Amino acid sequence: MRVIVVGAGVLGTLHAWHAVERGHEVLHIERETEARGASVRNFGQIWVSGRAGGEELATALRARELWEGIGARVPGIGFRAIGSLTVVKNDAERAVAEAATRRPDAAARGYELLDADRARALNPALRGEFAGALWCERDAAVEPRVAQRALKAELLESGRYTYLGGREVREVVGERAVRDDHGDLHHGDAVILCTGAWLGGLVRELIPDLPVRRVRLQMMQTDPLGEPLTTSVADADSFRYYPAYASDALEAMAAAQPQTPTAAAHKMQLLMVQRADGGLTIGDTHEYGTPFAFDTVEEPYEHLTGVVESILGRPLPRIRHRWAGVYAQCTDTSRVVHRQQARDGVWLVTGPGGRGMTCSPAIAEQTANELGW
């Protein structure tokens, strides 16, 4: 079988990976020379800890297993089973963490509530003042700026994979064929559209009422920290954002300590992970109303700097990168992904939201299973 995959972000690349793994031939088409969207503008976190129970958690845990196996075969993706610490600073925040450890799926996530000394033993870079941390053993990380390229290099070794960059697919022709902006027609037995936040043009023509929205974020990256940050790190604002933490304790925390005006205005949480070069990727914000701003604003960066420095107990290294990104999210945010048949043999897979890097291996595996590859 010949599979055409459109879009070379992490979701498209993992669809190509599963197709090749199952013995099929893949033509992979990307409108940029290589992926430039949300797949390279994220934390690279394999984030199990905050996922909603049920399908979303099952998808994340399966993806975590798949990422580990892929990482063993393709070291260039930078897979690291580092876990995460969500730092709590007072009794109200600690109560939310305690409630999380009582979830029926807490053991599957690897949850454990640690005091400050045990948290620092796991991550000695955390020298600030805090009361404890929620440990999630199943969290991990990859290197988002290079993971897709490393996977592509491995796919090329198969002899069943062809990559066409700098080609925008403009038209689905008949059944299972696409025409690109060079006028070339490509035939396959299945077409998988993984177009990310590109929801106009061809996507709108195929599915006019797509239940997917675009979300914008701001992030930053520092110079090397000068020491290992041995886990990913989050703050208690992440409790407000991720569905796993919904509880009476969370409602009490939200009532007792509203977010700072900047964090509330930009719908913020702290997530932080160390890159392979020692720098820290730090974020993030969430903007839902379009049209999005074309520039980044400084107040969220100032807020994040203060939060990080209070946890690390030291000044943050120089900021060397700031950026904005846009990802696609199902309007029903409880859905892991939107998968829809657009025509006979043509499928659109989009809208994983902030789960894209975490869940893509399992989402692509499910597509392959459903299509009988």
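Colleague: What makes Cys 330 count as buried?

Modeller: Cys 330 has a relative accessible area of 1%, and buried means under 20% on that scale, with exposed over 50% and partly exposed in between, for a 1.4 Å probe and protein chains only, so Cys 330 is called buried. This is a predicted model, in which local features need pLDDT of at least 70 and side-chain atom pairs count only at pLDDT 80 or more, while totals for chains, interfaces and linings use all residues. Residues are numbered from 1 along each chain as its sequence is written, and side-chain values use heavy atoms, with hydrogens and water left out.

Colleague: What makes β9 (169-172) an edge strand?

Modeller: Strands are DSSP runs of E with at least two residues, numbered from the N terminus, and two of them pair if DSSP finds at least two bridges between them. β9 and β10 (residues 177-180) have 3 bridges in the antiparallel sense, and Glu 171 stands opposite Arg 179 in β10. In the open sheet of 3 strands, ordered β9-β10-β11, β9 and β11 (185-187) each pair on one side only, as edge strands.

Notes:
Helix = DSSP H or I, 4+ residues; strand = E, 2+ residues; numbered from the N terminus.
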